[in-house]
Amino acid sequence: MNKNVNWTKIGDVLRQLLLSVKSPVFITMLALAFMLWYAQKLSYVYTTDLSVPVRIDGEPYRVKCIVEARGTEIWAKRFAIGGKINLSLAELSPRIESANDEYYTISPASLGSAIMQRAGSLKVIEVLETPQVSINSAR
């Protein structure tokens with residue numbers, strides 16, 4: 001996702017559009033009506049898959065989950081406005097599968113409950129992917 005948006009160019013295009021239309025008031029009111037409708041729809045509760053930004057012992061990860069929350073909270077997490085959720089590896093019940101393994105395996109249930117405790121009213125229904133936490137970075 002390209003976050004470098006040229007807002008000046010977008011503003012110029014919108015200004016030209018409004019000046020070229022015979023009734024710029026209609027276009028302005030239509031845009032205002034759309035924004036109000038969208039803001040009103042964000043107050044409903046939705047279920048969707050979401051990559052929740054977390055930090056496990058200082059290392060950033062994105063955890064794919066199916067969540068249920070109000071649209072505003074989903075929108076804020078999707079665009080990382082709410083910030084990352086800080087977690088400790090000790091509270092996630094990590095385990096090593098074999099002696100040669102270089103990564104901890106984290107229980108999806110413990111990861112989901114830890115995210116729910118810290119994410120406000122974001123209800124994690126299922127954790128789809130758990131991150132691979134390197135044993136060397138956790139020490």
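Which residue in E2 stands opposite serine 51? The views below come from a predicted model.

**View 1. Strands E1 and E2 form a hairpin.** Lysine 64 in E2 is the residue that stands opposite serine 51. Strand E1 covers residues 45-56. Strand E2 covers residues 59-70. The two strands pair in the antiparallel sense, over twelve bridges. Two residues lie between them. Aspartate 57 sits in the turn and has a positive phi of about 50°.

**View 2. Strand E2 also pairs with strand E6.** E6 spans residues 123-129. Five bridges join E2 to E6, and the two run antiparallel. Look for cysteine 65, which stands opposite valine 127 in E6.

**View 3. Strands E4, E5 and E7 form an open sheet.** The order is E4-E5-E7, with antiparallel pairing. Strand E4 (94-95) and strand E7 (133-134) stand at the edges. Each has a single partner strand, so one side of each is left without a neighbour in the sheet. Strand E5 takes in residues 103-106. Two bridges join E5 to E7. Tyrosine 104 stands opposite valine 133 in E7.

**View 4. A nonpolar patch lies on the surface.** Its members are Val25, Met29, Leu32, Phe34, Met35, Leu36, Trp37, Tyr38, Trp75, Phe79 and Ile81. Together they have about 1200 Å² of accessible area. Helix H2 (residues 24-41) gives the largest share, eight residues. Phenylalanine 34 lies in this helix, H2.

**View 5. The largest pocket has a volume of about 160 Å³.** Its lining consists of Tyr38, Leu42, Tyr46, Thr48, Gly71, Ile74, Trp75, Arg78 and Phe79. Strand E1 and helix H3 (71-78) are the elements that give two or more residues to this lining. The largest share, four residues, comes from H3. By class, the lining has six nonpolar, two polar and one charged residues.

**View 6. Aspartate 12 forms a salt bridge with arginine 15.** Side chains of opposite charge can pair when their charged atoms come close. For aspartate 12 and arginine 15, the closest N and O atoms are 2.9 Å apart. Both residues lie in helix H1 (residues 7-20). They are three residues apart, about one turn of the helix. The count for the model comes to three salt bridges.

Key. Residues numbered from 1 in each chain as written. Predicted model: local features only at pLDDT ≥ 70, side-chain atom pairs only at ≥ 80, totals over all residues. Heavy atoms only, no water. Pairing = 2+ DSSP bridges. Patch = residues over 30% accessible without salt bridge, like charges linked within 9 Å, V, L, I, M, F, W, Y side chains within 5 Å. Areas by Shrake-Rupley, 256 points an atom, 1.4 Å probe, with all protein chains shown as cover. Salt bridge = Lys/Arg side-chain N within 4 Å of Asp/Glu carboxyl O. 1 Å grid on protein atoms, 1.4 Å probe; cavity = no way out; pocket = protein on both sides within 12 Å on 5 of 7 lines; lining within 4 Å. Points joined across faces, edges and corners; volume = space filled by probe spheres on them. Nonpolar A, V, L, I, M, F, W, Y, C, P; charged D, E, K, R; others polar.
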